Amino acid sequence: MKPLRAIVVDDEKLARRGLALRLAEMPQIEVIAECANGREALEVIGAESPDLVFLDIQMPGMDGFDMVCELQSDSMPLIIFVTAFDQYAIDAFKVHAVDYILKPIDAERLQEAVARAVTRHAQELAGTKENLMALVSGRDDESGAKELMSNDNDGKTWPDRLTIKDGNEFQFVRIADIQWIDAAGDYMCVHAAGKTHIMRTTMKHLEASLNPDTFIRVHRSSIVNTNSIASAASHLNGEFVLTLNGGARLKVSRSYRDRIKSLLG
């Protein structure tokens, strides 16, 4: 079996180098890059598509959770959080992390985490094969896109804010401020006004509460506010890539590209 292609993300150089050296001794792992912050890691993930990320949480500028929420679902690698703080464990598993390792890193725990990642990766590959077979047999998600395109408002009044529960508090997010929404397991990452809010709901339920004249599905795991689209570029494979105000980039799957084409005129 091929080793998992991994990157190590930590703002502390010694911690980053030390973990990379330990991983280099494991035949299941190939470390392809080391990153000092979340932005650097996002660039590497976009360019290299690693299988696995060993990710620190507390980093300046963009913490580990913010970085995960910036990733689009179809480019999401497996995540193992590596941190000195145990209070983030619940949040880590909310975003479906493979494991959560405390510093200083115990050798046995590291081996255990890597074994979990190998198992999870094998399971995901098996799931991908099933999805490809479904596409070949014609059972793709085009029907969902067609349903979205035929949506009629019928005079319906749409909410002007979204209520998101955060622990014991409720946050109110203006719908107009939402740039895009993407799925992270059983949770939705709502990107609005430069912040990312995490809420437990389904994509279908959230999409039903948004005006389809403004918010459109561009992927099975992504919804975008059309008012936030700065530009769109087409690729030879038929996909579009949207660039939003602020610089975020989203892929448009081929099943949903007709709606983007109609927006572009």
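Colleague: Why is glutamate 207 called buried?

Modeller: Buried means under 20% relative accessible area, with exposed over 50% and partly exposed in between (1.4 Å probe, protein chains only). Glutamate 207 has a relative accessible area of 19% and is therefore buried. The model is predicted, so local features need pLDDT of at least 70, side-chain atom pairs count only at pLDDT 80 or more, and totals for chains, interfaces and linings use all residues. Residues are numbered from 1 along each chain as its sequence is written, and side-chain values use heavy atoms, with hydrogens and water left out.

Colleague: What makes the link between the side chains of glutamate 207 and arginine 217 a polar contact?

Modeller: A polar contact is a pair of N or O atoms within 3.5 Å; within protein, one must be able to donate a hydrogen and the other to accept it, and residues adjacent in sequence count only if both atoms are side-chain atoms. The side chains of glutamate 207 and arginine 217 are joined at 2.6 Å.

Colleague: Why are cysteine 35 and cysteine 189 called buried?

Modeller: Cysteine 35 has a relative accessible area of 0% and is therefore buried; cysteine 189, at 2%, counts as buried too.

Colleague: How many disulfides are there?

Modeller: A disulfide is a pair of cysteine sulfur atoms within 2.5 Å, and by this rule the count is 0.

Colleague: What makes strands S9 and S10 a pair?

Modeller: Two strands pair if DSSP finds at least two bridges between them; strands themselves are DSSP runs (E, at least two residues), numbered from the N terminus. Strand S9 (residues 187-192) is joined to S10 by 6 bridges, and the two run antiparallel.

Definitions and conventions. Helix = DSSP H or I, 4+ residues; strand = E, 2+ residues; numbered from the N terminus.
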